[in-house]
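Here's a quick walk through a few spots in this protein model. Have the structure open and follow along.

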Amino acid sequence: MQFRLECHDALESTSTTLKQRAEAGEAEGLAIQALRQSAGRGRQGRGWESPAGNLYLSVLLRPSVPLRDAPQWSFVAAVALAETLAPLLPETAQPSLKWPNDVLLHGAKLAGILVEPGITADHALEWICIGIGMNITNKPHLPDRATACLAEYSPSPPAPQALATVLLQQLAHWHETRLRQGIGPIRDAWLRYGPAMGAAVSVKRDGALLQGAFAGLSPEGALKLAKDSEVQLILAGEII
C-alpha cells in the first residue's frame, strides 16, 4: 500500500482529525501530519507537548483482522520507527523498544505510539488509528521519566516532513508483513530492539507493581514476566 500524506501547519491533534475522517468513511492509507499540535495526547489521556520541529503523525488502516488483534499494530509501528531511526544514529546510540509502545535512546523516551481502534456496532474492528509522536529537535521535561531528542545524537536530523516520508515507507512494509505472515516476523523484529532476555523489569498494572525478569513476548505480543520459576503473561500495563 502507499500512504496519502497530508501535512498541516497546526492541528489540535492529528489523531483526532484522522479519527473524524475515518468515521466519515475515509479510505485506508490516509496519513495526517501536523507541524504543531495544540492538544496532543499520549497513553491514558496524558498530554503530549507538541512544539514545532518534532514529528506528529497519525495513519489510518483498515485491516481485515479480529478486534483482539488490533493491539498488535503497536508492535508494527514500533518496529517501523526503530527501522527508520537506526540508519540515522551512531552505533553507540541505537534505538531500543520499551513494551508496549515507546522508543528509547539510552533509556530516555524518544517517541511514543498510541493505537486506537474504531469498533462497529457488532463489536468488529472497523479501522485502526496509529498516532506517533517523536522528539526530533525538542524534548519535553517530564517529572517521571527521562526524555531524549534525535538532535542530541544525530548532527543533522531530518525535517519532520522528510522523516514522515521514510517512516510511512517502513510502516507500509511492516503492515503488509503483518497481513501476509502474521505477528511472528513483527515479534521477532521487535525483540531485536527490545530488552535483553533476563533483564530486570518492573511493570505497573492497575496500581500494582509487578517485578521480574523479561522472558520475551507471547505469540500475541503479551509481555512474559518470569519470577520464581513461573512466567506470567502481562496483557496490559507499563514498564517503569
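## Around Pro117

Leaving aside residues up to four places away in sequence, Pro117 touches Leu67, Ala70, Leu125, Trp127 and Ile128; contact here means heavy atoms within 4.5 Å. Pro117 sits in strand 6 (residues 108-119). Helices (H or I, at least four residues) and strands (E, at least two) are DSSP runs, numbered from the N terminus.

With 36% relative accessibility, Pro117 counts as partly exposed (buried is under 20% relative accessible area, exposed over 50%, partly exposed in between, using a 1.4 Å probe and protein chains only). Asp144 is 27 residues from Pro117 along the chain, and their C-alpha atoms are 28 Å apart.

## What you're looking at

This is a predicted model, where local features need pLDDT of at least 70, side-chain atom pairs count only at pLDDT 80 or more, and totals for chains, interfaces and linings use all residues. Residues are numbered from 1 along each chain as its sequence is written, and side-chain values use heavy atoms, with hydrogens and water left out.

## Helix 2 against helix 3

Helix 2 (residues 72-85) and helix 3 (residues 160-181) have axes that come within 8 Å and cross at roughly 135 degrees. That makes helix 2 oblique to helix 3. Axes are lines fitted to C-alpha atoms, for helices over the stretch in contact, and angles run from 0 to 180 degrees between N-to-C directions. Under 35 degrees is roughly parallel, over 145 roughly antiparallel, 65 to 115 roughly perpendicular, and the rest oblique.

Helix 2 brings residues including Trp73, Val76 and Ala80 to this contact, and helix 3 brings residues including Leu167, Leu171 and Trp174. By class, the contact has 12 nonpolar, four polar and two charged residues (Ala, Val, Leu, Ile, Met, Phe, Trp, Tyr, Cys and Pro count as nonpolar, Asp, Glu, Lys and Arg as charged, and the others, Gly among them, as polar).

## Gln72 in helix 2

Gln72 belongs to helix 2 and is buried, at 5% relative accessible area. Not counting residues up to four places away in sequence, Gln72 touches Arg178, Ile183 and Glu220.

## Helix 2 against helix 4

Helix 2 also packs with helix 4 (residues 184-193), at an angle of about 50 degrees and with the axes 9 Å apart. These two helices are therefore oblique to each other. On the helix 2 side, Phe75, Val76, Ala78, Val79, Ala82 and Glu83 meet Ile186, Ala189, Trp190 and Tyr193 of helix 4. By class, that contact has nine nonpolar, no polar and one charged residues.
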